Protein chains: 2
Amino acid sequence: MPMPAAGTSTKSDERRPAIMAAAIDCFAQKGFYGTTTHEIANRVGISQPYLYRLYPNKEALFAAAVDHVSVVMTETLVAHSSASGGAGPEPEAALDAARDAYAALVADRTILRFLMHANCAAGEPLVGQAVRRCYAKQVDTVRQLLGDDDAVRHWFGAGMLDNVVAVLGLADIDEPWAHVLAAR
Amino acid sequence: MPMPAAGTSTKSDERRPAIMAAAIDCFAQKGFYGTTTHEIANRVGISQPYLYRLYPNKEALFAAAVDHVSVVMTETLVAHSSASGGAGPEPEAALDAARDAYAALVADRTILRFLMHANCAAGEPLVGQAVRRCYAKQVDTVRQLLGDDDAVRHWFGAGMLDNVVAVLGLADIDEPWAHVLAAR
DNA sequence: CTGGTAAGTTATAGGTCAATCACTAACCTA
DNA sequence: TAGGTTAGTGATTGACCTATAACTTACCAG
């Protein structure tokens, strides 16, 4: 029975991350409804029907992208916080490093913008479930970093506002109201 | 020359508010790309082509809805804050009343949800402009209420988080992470 | 009643998009 | 090299969506 040896990733599995990256890029621009499966396939360099071999439909593809983002965020955080001390005797330094890592992670506008669109598409069942899974993970992580629940809410609220500021390009607008929202 | 007397609103002008209400409802559910002009027309009870007599295209209709929301928010606020004292000798009471009015206003989930989708559609030129106009107005208003710029940012951030909590239905989820985000 | 305007509709053009089908090429194992 | 599996594509389908065109009805002034 010709099949890949157990534990070996098939070629299509290797291609999934590339599809995820392209999907996140595209969805971050125009959201779930505004992005066509053709655009995504084009960016990866595959045909549009081949997407449907790897994902049953557009909604599942989007939900997979949300899960992917969730994993990437957590992995990056763990990597950074363990790399700087690795359960060493300096808990404060590790925490600072972790916070920096998180800040650097969300500095990638694409990811946050994609998650903003994901919030809007949460009406689709599979998407809503994935988004809730993502928040569950992120809230737990951030709470371990910050401790205080109020601080966690403030963190997420500030992140969302930050995102809107970026989408609207308020940094380039020299008016009082824009300065208020864009202030660091 | 048969035409309505000057200053008289035509019947189509009277219908515009109803169209705005329907558009806001629909767009709040599935956003700019996910909502069809047919859905909106159906909800108002007019034919879909008639929408195009009143608005040149879908983007202009959406932008008009954003402007409409901006006006409604400001009007409501002014009405409430002037009704309770009307530049009377109690500035604190008026401020509290205004804050309550604002809270009641955003308690209408539809408006905030619509604005969330508007943020996501800000890539469309007309929509982006309308959204910036809306924020300009709201920031000025809220700043007059709160005074401190940090507090204004906190206000908007908290509002956006609040919105996501509502969209995801976190109030109905009995898990720690959900409680953290949904806490009042 | 007559001519002109506004209100509103049906029908449809023209295009796009998600999803499926049928097919070909490459690969792997025995 | 034969047989089965995976990778991948071109063509197409059926639905749907924005926008326009052409037409009908109600209204209103002189």
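View 1. Setting aside residues within four places in sequence, Ala23(B) makes contact with Ile40(B), Leu61(B) and Ala65(B). Keep in mind, here and in every view that follows, that this is a predicted model.

**View 2. The fold of chain A.** Let us step back for a moment to take in one chain. Chain A has nine helices and zero strands, and its pattern along the sequence reads α-α-α-α-α-α-α-α-α. Of the 184 residues in chain A, 32% are buried. Taking the contacts in chain A with a separation of 6 or more, 57% are between residues 24 or more positions apart.

**View 3. The axis relating the two chains.**

**View 4. The interface between chains A and B.** Here 35 residues of chain A are in contact with 35 residues of chain B. On the side of chain A that touches chain B, the elements giving two or more residues are α1, α6 (109-120), α7 (125-146), α8 (149-168) and α9 (176-182) of chain A. Helix α8(A) supplies the largest share of that side, with eleven residues. By residue class, the side of chain A that touches chain B holds 20 nonpolar, eight polar and seven charged residues. Why can we say that the copies meet through the same surface? Because 100% of the interface residues of chain A are also interface residues in chain B.

**View 5. The surface near DNA strand D.** A total of 20 residues surround DNA strand D, and the closest are Ser12(A), Ser47(A), Pro49(A), Thr36(B) and Pro49(B). Chain A contributes two or more residues to this surface from each of α1 (11-34) and α3 (48-54), as does chain B from each of α2 (37-44) and α3 (48-54). The surface near DNA strand D is made up of eight nonpolar, eight polar and four charged residues.

**View 6. Thr35(A), in the loop between α1 and α2.** This loop of chain A, between α1 and α2 (37-44), is where Thr35(A) is found. Is Thr35(A) buried or exposed? It is buried, because 21 other C-beta atoms lie within 10 Å and 20 or more is the cut-off for a buried residue. Beyond its neighbours within four places in sequence, Thr35(A) is in contact with Cys26(A), Phe27(A), Lys30(A) and Ile40(A). Lys58(A) is 23 residues away from Thr35(A) along the chain, and their C-alpha atoms are separated by 9.7 Å.

View 7. Helix α6(B), residues 109-120, has twelve residues. From first C-alpha to last, α6(B) reaches 17 Å, close to the 16 Å expected at 1.5 Å a residue. Buried residues in α6(B) are Arg113(B), Phe114(B), Leu115(B), Met116(B), His117(B), Ala118(B), Asn119(B) and Cys120(B). Ala122(B) sits in the loop between α6 and α7 (125-146) of chain B. Ala122(B) counts as partly exposed, because it has 19 C-beta neighbours inside 10 Å. Not counting residues up to four places away in sequence, Ala122(B) touches Val127(B), Gly128(B) and Val131(B), along with Val167(A) and Leu168(A). Thr76(B) and Ala122(B) are 46 residues apart in sequence, and 25 Å apart in space, C-alpha to C-alpha.

View 8. Glu92(B) belongs to helix α5 (residues 91-107) of chain B. With 8 other C-beta atoms within 10 Å, Glu92(B) is exposed. The C-alpha atoms of Glu92(B) and Val142(B) are separated by 15 Å, and the two residues are 50 residues apart along the chain. Ile173(A) is in the loop between α8 and α9 of chain A. Ile173(A) is partly exposed, with 16 other C-beta atoms within 10 Å. Between Ile173(A) and Leu115(A), 58 residues apart in sequence, the C-alpha to C-alpha distance is 25 Å.

Note on methods: Residues are numbered from 1 along each chain as its sequence is written. Chains are lettered from A and ligands numbered from 1 in the order in which they are written. This is a predicted model: local features need pLDDT of at least 70, side-chain atom pairs count only at pLDDT 80 or more; totals for chains, interfaces and linings use all residues. Two residues are in contact if their C-beta atoms, placed from the backbone, lie within 7 Å. A residue is near a molecule or strand if its C-beta atom, placed from the backbone, lies within 6 Å of it. Helices (H or I, at least four residues) and strands (E, at least two) are DSSP runs, numbered from the N terminus. Ala, Val, Leu, Ile, Met, Phe, Trp, Tyr, Cys and Pro count as nonpolar, Asp, Glu, Lys and Arg as charged, and the others, Gly among them, as polar. A residue is buried if 20 or more other C-beta atoms lie within 10 Å of its own, exposed if 12 or fewer, and partly exposed in between; C-beta atoms are placed from the backbone. The expected span of a helix is 1.5 Å times one less than its number of residues.
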